[in-house]
Amino acid sequence: MWVVKIGGSLAFSPALPDFLAALNAKGKIRPVVAPGGGPFADEVRRTQKLLGFDEATAHRMAILATEQYGLMFCALAPHLVPAASRAEIAESHARGLVPVWMAVAMTKDRSDIGANWDVTSDSLAAWLAAKIGAAALVLVKSADPPPPPVTASTLAAGGFVDKAFPEFVAGKGFALRWLGPGGAQELARGLESGTLPGVAVAA
């Protein structure tokens, strides 16, 4: 399995349908989609700033936002289905469908997931990859990666991923890749052949 994290910044990009279609590739790799928060998480940030509620509440709301974004994926592409547990992920694969992770149930009250904005959907995707024993985490982003060498720490320092991301990928054993907005066909080929797409990121 690969966890394919679809960034929230792709919500209104013309590339989004191409990536959703690419996930339907029938090949060596079974993808699990980890959605970002998209405009739904942006609204949580805006509302928290206006009303001043606490970080833990905002964190829970932002995880709910990833589910909203994921449900949008499922509505746009019939091969995508929501999956809230490891059993549902396995069932989706058995049916020849692509599971889209609904993160609330698996992440609720986890002591190893900080309840603040340092932990967003990138770190949650890494957490999922480790939890289900994925061979790779592919970050699909609306921007190309910075110049090499690309590491989890430099991505976090540059604001490309959240601050906690280096902790969530260090020593976990899965391969880590960055795929920019033009990479849908490369993703499809990778899922078919098992060849990792994108730019390697050192954990």
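Colleague: Are Y69 and F73 buried or exposed?

Modeller: A residue is called buried under 20% relative accessible area, exposed over 50%, and partly exposed in between, using a 1.4 Å probe and protein chains only. By that rule Y69 is buried, as is F73. Please note that this is a predicted model, in which local features need pLDDT of at least 70 and side-chain atom pairs count only at pLDDT 80 or more, whereas totals for chains, interfaces and linings use all residues. Residues are numbered from 1 along each chain as its sequence is written, and side-chain values use heavy atoms, with hydrogens and water left out.

Colleague: Where do Y69 and F73 lie?

Modeller: Helices (H or I, at least four residues) and strands (E, at least two) are DSSP runs, numbered from the N terminus. Both residues belong to helix 3 (residues 55-76), where four residues, about one turn of the helix, separate Y69 from F73.

Colleague: How many aromatic pairs does a search of the whole structure find?

Modeller: Rings of Phe, Tyr and Trp (its six-membered ring) pair if their centres lie within 6.5 Å; planes under 30 degrees apart count as stacked, over 60 as edge-to-face and the rest as tilted. The search of the whole structure gives three such pairs. One of them is the tilted pair of Y69 and F73, at 4.5 Å centre to centre with 55° between the planes. Another, F160 with W178, is edge-to-face, at 5.7 Å centre to centre and 80° between the planes.

Colleague: Which parts of the chain does the pair of F160 and W178 link?

Modeller: Distant ones: F160 is in the loop between helix 7 (152-157) and helix 8 (165-169), while W178 is in strand 6 (residues 175-179), 18 residues apart. F160 is partly exposed because its relative accessible area is 30%; W178, at 1%, is buried.

Colleague: What stands opposite W178?

Modeller: Two strands pair if DSSP finds at least two bridges between them. L139 is the residue opposite W178 in strand 6, and strands 5 and 6 run parallel, joined by five bridges. Strand 1 (residues 2-6) is likewise parallel to strand 5, with five bridges, and there V4 faces V138.

Colleague: How should I read the two faces of strand 5?

Modeller: In a regular strand the side chains alternate between the two faces of the sheet. In strand 5 (residues 136-140), five of five residues are buried: A136, V138 and V140 on one side, L137 and L139 on the other. In strand 4 (residues 98-101), V98 and V100 point one way and P99 and W101 the other, and all are buried.

Colleague: How does the chain cross from strand 3 to strand 4?

Modeller: A crossover is right-handed if, with the strands pointing away from the viewer, the path from the first strand over the helix to the second runs clockwise. Strand 3 (residues 80-83) pairs with strand 4 in the parallel sense over four bridges, and P82 stands opposite V100. The chain passes between these strands through helix 4 (residues 86-94), and this β-α-β crossover is right-handed.

Colleague: What of the chain as a whole?

Modeller: The chain has nine helices and seven strands, and buried residues make up 51% of its 203 residues. Its C-alpha trace spans about 50 × 40 × 35 Å along the principal axes.
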